[in-house]
Structures are given as structure tokens and as C-alpha cells.
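Please look at the sequence and the model below before reading the report. The text then goes through selected side chains and their contacts.

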Amino acid sequence: MSHDVIRTDHAPAPVGPYNQAIRAQGAMVFASGQIALDPASGALVGGDDVAQQTEQVMKNLEAVLTAAGVGWAQVVKTTVFLADMNDFATVNGVYARYFDEATAPARACVEVARLPKDVLVEIDCIAVA
């Protein structure tokens, strides 16, 4: 299987042994989960405000997708990880601004015990070029 590593300075660098995204077979883009880190400083954005954190997550994902040569319209699947399912409606409100409802991707949303850097939300996605 052929694959290319996708890297951009416009999204935070990985905080572990993984890449921002992988393009497989030339068409599939698997974007790693993004959290609310500022790409330049590495600092958490949004503090305890889940809406602000989600906005930064979406900006970071968009930067990774752009670096891979795709956009929101090519996203076919996302996974949303929440520290607290009570934040679902707030996160969904921000998330919904990035997708056309008629063509929005498949999605899973789960509450987890803890996320990296103790953030409130993490989102990953798969796109088809």
C-alpha cells in the first residue's frame, strides 16, 4: 500500500508518535484527532470554553485537510470525542457551521474519560480526494 505523510505548520505538531494525516492509495486522507492547541505556540485555546475549543479544533482540522489538498466537502467520516456529553449541543453548533447538512459526513460522538492535555473535545476525520 502506498501512502504519504501530510504535515503542516498551520496545525499543531503531533504530541506523540503519529502524523497529522496520512493519504493512502492517493485518494483517502486519514486526519489524526485535533485538539484546541494554537499551532504557533502549542498553548491551549479556549480555556474551559468548549465552543472556543471546538472552533480551534475545526481550524486545526481545516489546516490539515488543506495541506492534504482536500476540504470539508470531501470529508466522509468524523469522530467527535467529548470529555462531557453535556457539551454535545454546544460542540454540535460549532461543528455544524463547517458542513452542508445535506452532504454532511457520517459521524460518531463518544464521551471519554480523558483527552490529551485535558482538553474538552477532540475530532478526527477521513476524507476522499
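## Charged pairs, a core and its rings

Arg114 is exposed, with a relative accessible area of 62%. Here exposed means over 50%, buried means under 20%, and partly exposed is in between, using a 1.4 Å probe and protein chains only. The model is predicted, so local features need pLDDT of at least 70 and side-chain atom pairs count only at pLDDT 80 or more, while totals for chains, interfaces and linings use all residues. Residues are numbered from 1 along each chain as its sequence is written, and side-chain values use heavy atoms, with hydrogens and water left out.

Side chains of opposite charge can pair when their charged atoms come close. A salt bridge is a side-chain nitrogen of Lys or Arg within 4 Å of a carboxyl oxygen of Asp or Glu. By this rule there are two salt bridges. One joins Arg114 to Asp118 at 2.5 Å, N to O. Asp118 is partly exposed at 47% relative accessible area. The other salt bridge joins Arg97 to Glu55 at 2.2 Å, N to O. Arg97 counts as exposed at 56% relative accessibility, whereas Glu55 counts as buried at 19%.

The next topic is the core. A nonpolar core is a set of buried Ala, Val, Leu, Ile, Met, Phe, Trp, Tyr and Cys residues joined through side-chain atoms within 4.5 Å. The largest one has 29 residues, and Trp72 and Ile123 touch the most other members. Two or more residues come from each of strand E3 (28-34), helix H1 (50-67), strand E4 (75-82), helix H2 (88-96) and strand E6 (121-128). H1 gives the largest share, seven residues.

Which residues does Ile123 touch, leaving aside neighbours within four places in sequence? Its contacts (heavy atoms within 4.5 Å) include Val57, Met58, Leu61, Thr79, Val80 and Tyr95. Thr79 is found in strand E4 and is buried at 16% relative accessible area.

Rings come next. Rings of Phe, Tyr and Trp (its six-membered ring) pair if their centres lie within 6.5 Å; planes under 30 degrees apart count as stacked, over 60 as edge-to-face and the rest as tilted. The structure holds three aromatic pairs. Trp72 and Tyr98 are edge-to-face, at 5.2 Å centre to centre and 65° between the planes. This pair links distant parts of the chain, 26 residues apart: Trp72 is in the loop between H1 and E4, and Tyr98 is in the loop between H2 and strand E5 (106-111). Tyr95 and Phe99 are tilted, at 4.9 Å centre to centre and 40° between the planes. Ring pairs link Trp72, Tyr95, Tyr98 and Phe99 into a cluster. Are these residues buried or exposed? The table gives the values.

| Residue | Relative accessible area | Class |
|---|---|---|
| Trp72 | 13% | buried |
| Tyr98 | 16% | buried |
| Tyr95 | 5% | buried |
| Phe99 | 11% | buried |

Arg107 lies over the face of Tyr95, at 4.6 Å from the ring centre. A charge sits over a ring if NZ of Lys or CZ of Arg is within 6 Å of the ring centre and within 35 degrees of the ring normal.

Notes. Helices (H or I, at least four residues) and strands (E, at least two) are DSSP runs, numbered from the N terminus.
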